[in-house]
Amino acid sequence: MILDRRTVLSGGLAAGLAGPAAPAPSPLRIALLGQSLILHDLRPQRWPDRAAFAARLKRADLVFTDLETALQAPGAGAPTRAPLVLHAAPLEVLDSLTSLGVTAVATANNHAWDLGSAGIAAGLAPLRDRGLTFAGTGLDLASAAAPAYQVTPHGKVALVAFASGGVNADAAATPTQPGVNELRRDAAGFNGEDLARILGAVKDAAGKSDLVILYQHNHLWAPNSADIPPWQKDLAHLAIDAGAGVFVSHGAPLLQGIELYRGRPIFYDLGDFIFQSRTTDDRYGARALEGVIAECEFQGGAFRRAALTPILLEPTGPADTAGRPSFARGAAAAAILQRMVGLSAPLGVSLRIEAGRATFSA
């Protein structure tokens, strides 16, 4: 039998002659956690969900949280806050986080300077020694503002981090002083120099990576801290326009809604992952003991889908166990997920609750 070219190309032989189709590349998976105000080493403890957290998080290519504590590294300075509101912890807290699967942390927040500029400088080496990707503080403004990169099996991820509000006047990095990458804002709006620096870092990182995470630690809250300030929405949109693939924020210790802008996710506040505050439970309310893990999937740099898993933190007990996370279950899980549905719907995102999680897609 003689087959002409049209027969070959129109029939099943075409695929066989061309060889098997190349498999689609595996997606890039990242897990975004609530903020980690961690003051005690969790590794000696054997709480019920510890192994489950580690198993779950270590499936991701990158696991991110905010490290909201100054590190008591050799050379750190004296405390700059009263003991009740001092966030300072031994270096073992880093090992607690890495043992759970954390690979990347933001260090820009209002507590980064709790052991002074010397504390910021002294804390950099322990982060590097543990192989953590970190951004938001540095020995000078250039290094504090610079993107950090994590190369994963499924893509290169950049992290840019900054803080707004609550930053001590002496805590901001300068061209010659260690400190925090700060975005200042007043009644007239954003500080133009700060905004240009942060968006410039995003643009630079977007050209050198497969995905850019832009992180903001925000203490410029709306009158009701559960509300998202309109200016923060504008900022998140500017960040995505500049090349960020995902915008994530903490600050108000409670959950806020999720938005999709140009098909890219904005997590206005993921609540808390670890919250070992020395203040009493009722200072922030029960909402400070809630959080979600956002497991996001990207393909070729584009956001595809995400799943939110609710968690609860222990409210009472010894200081080293208070604020420790567990997976929320039953009615507590349903209440957190329904709250996220209600918070996200006004932002245009419809969350679907299924199998104890809330999901959404691009």
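**Exercise 1.** Decide whether F327 is buried or exposed in this predicted model.

*Solution.* Start with the cut-off: a residue counts as buried under 20% relative accessible area. F327 has a relative accessibility of 13%, so F327 is buried.

**Exercise 2.** Find the aromatic partner of F327, and work out what the pair links.

*Solution.* First, look for the ring that pairs with F327: that is F53, with 4.2 Å centre to centre. Next, check the angle. The planes are 20° apart, and planes under 30 degrees apart count as stacked, so this pair is stacked. F53 belongs to helix α3 and F327 to strand β21 (residues 325–327), so the pair ties together parts that are 274 residues apart in sequence.

**Exercise 3.** Which residues form one aromatic cluster?

*Solution.* Colour the phenylalanines and pick out F267, F298, F303 and F360, which form one aromatic cluster. For context, the structure holds seven aromatic pairs.

**Exercise 4.** Describe the largest pocket by its volume, its lining and the elements that supply the lining.

*Solution.* Begin with the space, about 330 Å³. Now turn to the lining: there are 18 residues, with R29, E295, E297, A307 and R357 nearest the centre. Sort the lining by class, and you get eight nonpolar, two polar and eight charged residues. Last, assign elements: β1, α3, β19, β20 and β23 each supply at least two lining residues, and β23 gives the most, with four.

**Exercise 5.** Over which ring does the charged end of K156 sit?

*Solution.* Go to Y149: the charged end of K156 sits over this ring, 4.7 Å from its centre.

Definitions and conventions
Residues numbered from 1 in each chain as written. Predicted model: local features only at pLDDT ≥ 70, side-chain atom pairs only at ≥ 80, totals over all residues. Heavy atoms only, no water. 1 Å grid on protein atoms, 1.4 Å probe; cavity = no way out; pocket = protein on both sides within 12 Å on 5 of 7 lines; lining within 4 Å. Points joined across faces, edges and corners; volume = space filled by probe spheres on them. Nonpolar A, V, L, I, M, F, W, Y, C, P; charged D, E, K, R; others polar. Phe/Tyr/Trp six-rings, centres within 6.5 Å; stacked < 30°, edge-to-face > 60°. Buried < 20%, exposed > 50% of the residue type's maximum accessible area, 1.4 Å probe, protein only. Lys NZ or Arg CZ within 6 Å of the ring centre and 35° of its normal.
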